[in-house]
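This report describes one protein structure, from individual side chains up to the whole chain. Please look over the sequence and the model before reading on.

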Amino acid sequence: MASDELAQKLQRRLLLEEAGAELEAGDGGGPGPEEEEEEEEEEAAAARSALVGSAGAELSAKLSRRQDINEGAASPRAAAVFNPYTEFKEFSRRQIKDMERMFKLYDSGKDGYIDLMELKLMMEKLGAPQTHLGLKNMIKEVDEDFDGKLSFREFLLIFHKAAAGELEEDSGLLTLAKLSEIDVSTEGVKGAKNFFEAKVQALSSASKFEAEIKAEQDERKREEEERKHRRAAFKELKSAFTQ
């Protein structure tokens, strides 16, 4: 190996220097300038060889693993579990839930990923069909683990990049974000219109996450109360007709 060769060269140089020191002490001789220059060139060449060998081995291992993944002989490394609410803080809980709902709608295989064919169907449903190459490029823009499909985290990256202005105007991902009807142009609950959003906006912005959960619970209670009132009114009306 190149590293072993370099070690031998260095050891040999050390022995020569020690021998030279002894000769200088004895008769003032020692290795000449040409010999020293030759030794330095050999050491430099050995060092370069070691570096190239190391980099080549690392690149070869990566390419070999990529080939194994493509041929189905190996599985991509599992993505670390992440919390979308803490990692994508620029989005409200409501927005992330809308994105999750959309992701699950088009994840027809229910495997937690949107593959190329599922993305093709999504873009057709959104009224912006893409070519095969266009779909592959869309996935490639956010495919962090190079598995050729979109995880939920990678799906959220689309909207993150769209909100941050990091997508080109002709990008298929920007078209997806614009046509998805998920508003990522405003942060949190600004511009609230309905009961749910207005209630959240009225609470402290310092505890936005907890406020949204509380508002969801209040909304469900309100809907349950409305259902009870409707059932009571129906029973009253039915009783009037049966008398």
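## Charges over rings

Over the ring of which residue does the charged end of lysine 149 sit? The ring belongs to tyrosine 113, and the charged end of lysine 149 is 4.4 Å from its centre. A charge sits over a ring if NZ of Lys or CZ of Arg is within 6 Å of the ring centre and within 35 degrees of the ring normal. Arginine 93 has its charged end over the ring of tyrosine 85, at 5.0 Å from the centre.

The model is predicted, so local features need pLDDT of at least 70 and side-chain atom pairs count only at pLDDT 80 or more, while totals for chains, interfaces and linings use all residues. Residues are numbered from 1 along each chain as its sequence is written, and side-chain values use heavy atoms, leaving out hydrogens and water.

## Aromatic rings

The whole structure contains 3 aromatic pairs. Phenylalanine 155 and phenylalanine 159 form an edge-to-face pair, with 5.3 Å from centre to centre and 70° between the planes. Rings of Phe, Tyr and Trp (its six-membered ring) pair if their centres lie within 6.5 Å; planes under 30 degrees apart count as stacked, over 60 as edge-to-face and the rest as tilted.

Phenylalanine 155 and phenylalanine 159 are about one helical turn apart, because they lie 4 residues from each other in helix α7 (residues 152-163). Helices are DSSP runs of H or I with at least four residues, strands are runs of E with at least two, and both are numbered from the N terminus. Phenylalanine 155 and phenylalanine 159 are both buried. Buried means under 20% relative accessible area, exposed over 50%, and partly exposed in between (1.4 Å probe, protein chains only). Ring pairs join Phe103, Phe152, Phe155 and Phe159 in a cluster.

## Serine 151

Serine 151 is in the loop between α6 and α7. Its relative accessible area is 13%, so serine 151 counts as buried. Leaving aside residues up to four places away in sequence, serine 151 touches Phe103, Gly112 and Tyr113. Contact means heavy atoms within 4.5 Å.

## The whole chain

The protein chain has 10 helices and 0 strands. Of its 243 residues, 27% count as buried. Among contacts in the protein chain with a separation of 6 or more, 52% come from residues 24 or more positions apart.
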